[in-house]
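Please open the model in a viewer and keep the selection panel at hand.

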Amino acid sequence: MKRMIALLLATVLLSLLVISCAEQTGYQMEENTGWNKDSRPYIIRTPYAAWYISKADIELLGEDAYYEGLYAILDDAEADFADARAALKGFIPDEIQPIDIYTDFCNKAEASKTSDAFYRQLGNYIKLFNGWNSARVALLHEYVHYLTMHCAETYTQFGFWAEGMADYVANVVCKNRMGRSENMGFEMAGYPPMMWDLSWDEAENCIDPRKLNYGLGVLAANGGLVGVRYYAVKNETIVRTEEMDQNLKPQELSLCEASGMIAYLVDEYGKDIVFGNWDVDPDSVDTVYGKTFSELYRDWAVWNEEQCRIMGIQF
């Protein structure tokens with residue numbers, strides 16, 4: 001009898017959760033019956049994602065705080081995902097399966113020590129670390145990885161293209177509502193204080209990710225990363241030396257340099273050429289563009305400064 005009562009109570013509580021979720025988000029919550037149902041008992045499904053609710057993260061943050069953060073991000077995430085798909089139209093299928101998204105705010109995964117999120121190509125899912133604020137800054141970048149590394153017929157290869165394209169689509173092409181809502185994690189990321197004013201969007205009253213990327217590109221191209229620890233496109237945190245700065249290798253670029261170069265290539269050579277060759281070895285880009293990587297980097301640096309001038313970013 002006690003077991004039956006407990007089962008009935010559990011069913012009632014699940015129903016209340018479903019109703020509550022529907023009222024607050026309009027999205028469907030369902031019980032997880034999969035292999036990970038004990039640690040992630042519920043799933044919220046949206047048109048573009050399946051969000052797996054973490055029991056451990058609810059215990060960490062508290063139920064109200066966890067769901068409040070989740071409900072607050074869902075609409076922005078859907079709009080941003082739609083923008084990313086539109087930006088890649090013609091190079092990804094029109095019909096794309098929703099991506100599985102897991103939270104790990106307890107930071108159990110080793111990757112949480114170096115990143116706020118990752119897309120795992122092998123398992124085809126996105127995992128978010130360090131809380132909802134960090135998730136808002138990192139999620140769109142990881143979703144673009146899903147689109148270009150799993151959905152596209154020809155996958156992005158090499159760090160320059162994979163990381164550069166993810167940052168280009170997320171922060172240059174798309175509005176990135178999620179990132180804007182957290183000012184691109186400006187305080188968390190330790191960007192140079194001067195960039196706050198230089199990349200501010202008066203109309204939106206927030207950091208403009210496009211201005212931030214282009215402005216940081218100017219600093220990087222003019223030796224601003226020498227002696228600085230930064231996350232390189234080869235998925236490692238490195239320190240740039242003067243010797244490296246004089247002869248940069250594609251895998252040593254920062255994300256803003258890589259995304260900026262892709263923006264330049266699209267402007268100069270066209271989207272079809274750039275997106276159609278995002279699997280070429282960066283050391284052999286002359287086979288596509290008729291110039292070496294170093295030559296293209298120098299051309300980008302000049303172009304990027306001009307773009308900053310046009311946008312009113314003056315150092």
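Against which elements do the buried residues of α14 pack? They pack against α5, α9, α11 and α13 (286-289). Before the first selection, two remarks on conventions are in order. This is a predicted model, in which local features need pLDDT of at least 70 and side-chain atom pairs count only at pLDDT 80 or more, while totals for chains, interfaces and linings use all residues. Residues are numbered from 1 along each chain as its sequence is written, and side-chain values use heavy atoms, with hydrogens and water left out.

**Stop 1: helix α14**

Select residues 293-311, which form α14. Helices (H or I, at least four residues) and strands (E, at least two) are DSSP runs, numbered from the N terminus. The 19 residues of α14 should span 27 Å at 1.5 Å a residue, and the end C-alpha atoms are 26 Å apart, which agrees; the expected span is 1.5 Å times one less than the number of residues. Now colour the buried positions of α14: F293, L296, Y297, W300, A301, W303, N304, Q307 and C308. Here, buried means under 20% relative accessible area, exposed over 50%, and partly exposed in between (1.4 Å probe, protein chains only). Directly after α14 comes G312, with a positive phi near 85°.

**Stop 2: helix α5**

Next, select residues 158-173, the 16 residues of α5. From first C-alpha to last, α5 reaches 21 Å, close to the 22 Å expected. This helix is mostly covered, since 13 of its 16 residues are buried.

**Stop 3: the second largest pocket**

Select A220, A221, D245, Q246, N247, L248, F293, S294, Y297 and R298, which line the second largest pocket. A pocket is defined on a 1 Å grid over the protein atoms alone, as an open set of points where a 1.4 Å probe fits, with protein on both sides within 12 Å along at least five of seven lines; a cavity is a set from which the probe cannot get out, and lining residues have an atom within 4 Å of a point. The volume of the second largest pocket is about 210 Å³; grid points are joined across faces, edges and corners, and a volume is the space filled by probe spheres set on the points. Two or more lining residues come from each of α9, α10 and α14, and α14 gives the most, with four residues. The lining divides into five nonpolar, three polar and two charged residues. In this division, Ala, Val, Leu, Ile, Met, Phe, Trp, Tyr, Cys and Pro count as nonpolar, Asp, Glu, Lys and Arg as charged, and the others, Gly among them, as polar.

**Stop 4: the largest pocket**

Which residues lie nearest the centre of the largest pocket? Select T114, A189, Y191, Y231 and L255; the whole lining has 49 residues. The elements giving two or more residues to this lining are β5 (117-120), α4 (132-151), α5, α7 (186-189), α9, β9 (229-232) and α11. The volume of the largest pocket is about 1600 Å³. Its lining consists of 25 nonpolar, 18 polar and six charged residues.

**Stop 5: S254**

Move to S254, in the loop between α10 (242-246) and α11 (255-269). Is S254 buried or exposed? S254 counts as buried, because its relative accessibility is 6%. Leaving aside residues up to four places away in sequence, S254 touches L225, Y230, Y231, V233 and R240, where contact means heavy atoms within 4.5 Å.

**Stop 6: salt bridges**

The structure holds 13 salt bridges, each a side-chain nitrogen of Lys or Arg within 4 Å of a carboxyl oxygen of Asp or Glu. Select D83 and R177, whose side chains meet in one of them (2.7 Å, N to O). D83 lies in helix α3 (residues 63-87) and R177 in helix α6 (residues 177-181), so the pair ties together parts that are 94 residues apart in sequence.

Then select R180 and D208, a salt bridge with its closest N and O atoms 3.6 Å apart. R180 is in helix α6 and D208 in the loop between β8 (206-207) and α9 (209-221), 28 residues apart. R180 is buried, with a relative accessible area of 12%, and D208 is buried, also with 12%.
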